[in-house]
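This briefing goes through one protein chain by topic. Keep the sequence and the 3D view open while reading.

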Amino acid sequence: MSRADDERYLRYVAARFGAFRNVWWSMANEYDAIHSKAMADWDHLFQILQAADPHDRLRSIHQITLYYDHRKPWITHASVQNGAAVMDDVPAQLHRSFALKPVIFDEVRYEGNSDKRWGWLKGEELVERFWWGTIGGTYVGHSETFSSDHNADYSWLGQGGTLAGTSAPRLAFLRKIMEAGPTPGIEPIQTWWGYHLAGKEHAYYLRYFGEARPTEWQLLLPGRRNDPHATYRADIIDTWNMTITPVDGVFAMSPRDNYDFHDPDRPRIQLPGKPWIAVRLVKV
């Protein structure tokens, strides 16, 4: 469409849908595949939308490979297509650090039986992406592509209906974990140093192990000698079977060296040797 057509359409859409509180604006799906528009055109359209929306709804844009600059003032959050970024908490957190905005990985591939590579994840693989994204301080989007003829275009992704996959109940379980945590929420904790922790320092920690099968965790928390010496109770969370198993006793943390705290009397937590396990520490 011409620029005048684009502007007219945006003003119409903002007037028609802007009052609905569950709306956020995605300026384009895979914008970098639309070769008739330059970056300046997308900037202009965002400014038109921002001026036309009296409710100031959330605004972002979805890409294939070329990231839009999410630091621009009309962007409220980064909308990112990148499944590899949530295979670990480190690249997830890196996106947040560069965007300087909340990050939603709204396409990380989907659970399903599609013959397309973006629609054949197992439920375990999709749930793992959500947990790593959470530990990295970001958000992850869900969809599924089950259909009788393996056609992802005619599945829940496009048509809605009834969810058939195994991931959705596990994501509801993750939501309960998050709602039971600190307010306003958890933050990644010293991501660059390999702790794979998120939480609220000196009060609440989540440690996720993904597909690894550890039989124990050496309990080390980052901290300096002058930091509070807290005591924690621990839970072992089976993120797939959706169980929470309390660990007997408590862990009284004290400095181990210049960078870490530990409990010298209980330096390790025994784990079940299964994938998809997390540990939660809550200050007592």
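A residue is called buried here when its relative accessible area is under 20%, and exposed when that value is over 50%. By that cut-off, eleven of the 13 residues of helix H4 are buried, so H4 is largely enclosed by the rest of the structure. The model is a predicted one.

**Overall make-up**

- The protein chain contains six helices and 19 strands.
- Its C-alpha atoms fill a box of roughly 70 × 50 × 30 Å along the principal axes.
- Of the 284 residues in the chain, 48% count as buried.
- Among contacts in the chain with a separation of 6 or more, 63% come from residues 24 or more positions apart.

- The buried residues of H4 are Gly123, Leu126, Val127, Glu128, Arg129, Phe130, Trp131, Trp132, Gly133, Thr134 and Ile135.
- The end C-alpha atoms of H4 are 19 Å apart, which agrees with the 18 Å that its 13 residues should span at 1.5 Å a residue.
- Serine 114 sits in the loop that runs between strand S5 (111-112) and helix H4 (123-135).
- Is serine 114 buried or exposed? Serine 114 is buried, because its relative accessible area is 5%, and the cut-off for burial is under 20%.
- The serine 114 side chain reaches the backbone nitrogen of lysine 116 at 2.9 Å.
- Leaving aside neighbours within four places in sequence, the contacts of serine 114 are Gly119, Trp120, Thr145, His150 and Ala152.

**The parallel sheet**

- Strands S3, S4 and S6 form an open sheet in the order S3-S4-S6, with parallel pairing.
- Strand S3 (78-81) and strand S6 (139-140) are at the edges with a single partner strand each, so one side of each has no neighbour in the sheet.
- Strand S4 (residues 103-107) is joined to S6 by two bridges, and isoleucine 104 stands opposite tyrosine 139 in S6.
- Helix H3 (residues 89-99) packs on this sheet and touches S3 and S4. The direction of H3 makes about 125° with that of S4.

**The antiparallel sheet**

- A three-strand open sheet has the order S12-S17-S16, and its pairing is antiparallel.
- Its edge strands, S12 (221-222) and S16 (254-255), each pair on one side only.
- Two bridges link S16 to strand S17 (residues 260-262) in the antiparallel sense.
- Proline 255 stands opposite phenylalanine 261 in S17.

**Nonpolar cores**

- In soluble globular proteins, nonpolar side chains tend to be buried together.
- Which residues touch the most other members of the largest nonpolar core? Among its 31 residues, they are Phe105, Trp131, Ile177, Leu206 and Tyr208.
- At least two residues of this core come from each of S3, H3, S4, H4, H6, strand S10 (204-208) and S19.
- H4 gives the most to the core, with six residues.
- A second, separate core has 21 residues, including Ile189, Tyr232, Val247 and Ile277.
- Tyrosine 208, leaving aside neighbours within four places in sequence, is in contact with Glu128, Trp131, Trp132, Ile135, His196, Thr239, Trp276, Ile277 and Ala278.

**Backbone features to check**

- Most residues other than glycine have a negative phi, and most peptide bonds are trans.
- The peptide bond from threonine 183 to proline 184 is cis, with omega near 15°. Proline 184 belongs to the loop between helix H6 (167-179) and strand S8 (187-189).
- Methionine 242 has a positive phi near 60° and lies in the loop between strand S13 (231-238) and strand S14 (243-246). Its relative accessibility is 31%, so methionine 242 counts as partly exposed.
- Tryptophan 276 also has a positive phi, near 70°, and is found in the loop between strand S18 (268-270) and strand S19 (277-283). With a relative accessible area of 14%, tryptophan 276 is buried.

How values were computed. Residues are numbered from 1 along each chain as its sequence is written. This is a predicted model: local features need pLDDT of at least 70, side-chain atom pairs count only at pLDDT 80 or more; totals for chains, interfaces and linings use all residues. Side-chain values use heavy atoms; hydrogens and water are left out. Helices (H or I, at least four residues) and strands (E, at least two) are DSSP runs, numbered from the N terminus. Buried means under 20% relative accessible area, exposed over 50%, partly exposed in between (1.4 Å probe, protein chains only). A polar contact is a pair of N or O atoms within 3.5 Å; within protein, one must be able to donate a hydrogen and the other to accept it, and residues adjacent in sequence count only if both atoms are side-chain atoms. Contact means heavy atoms within 4.5 Å. The expected span of a helix is 1.5 Å times one less than its number of residues. Two strands pair if DSSP finds at least two bridges between them. Axes are lines fitted to C-alpha atoms, for helices over the stretch in contact, and angles run from 0 to 180 degrees between N-to-C directions. A nonpolar core is a set of buried Ala, Val, Leu, Ile, Met, Phe, Trp, Tyr and Cys residues joined through side-chain atoms within 4.5 Å.
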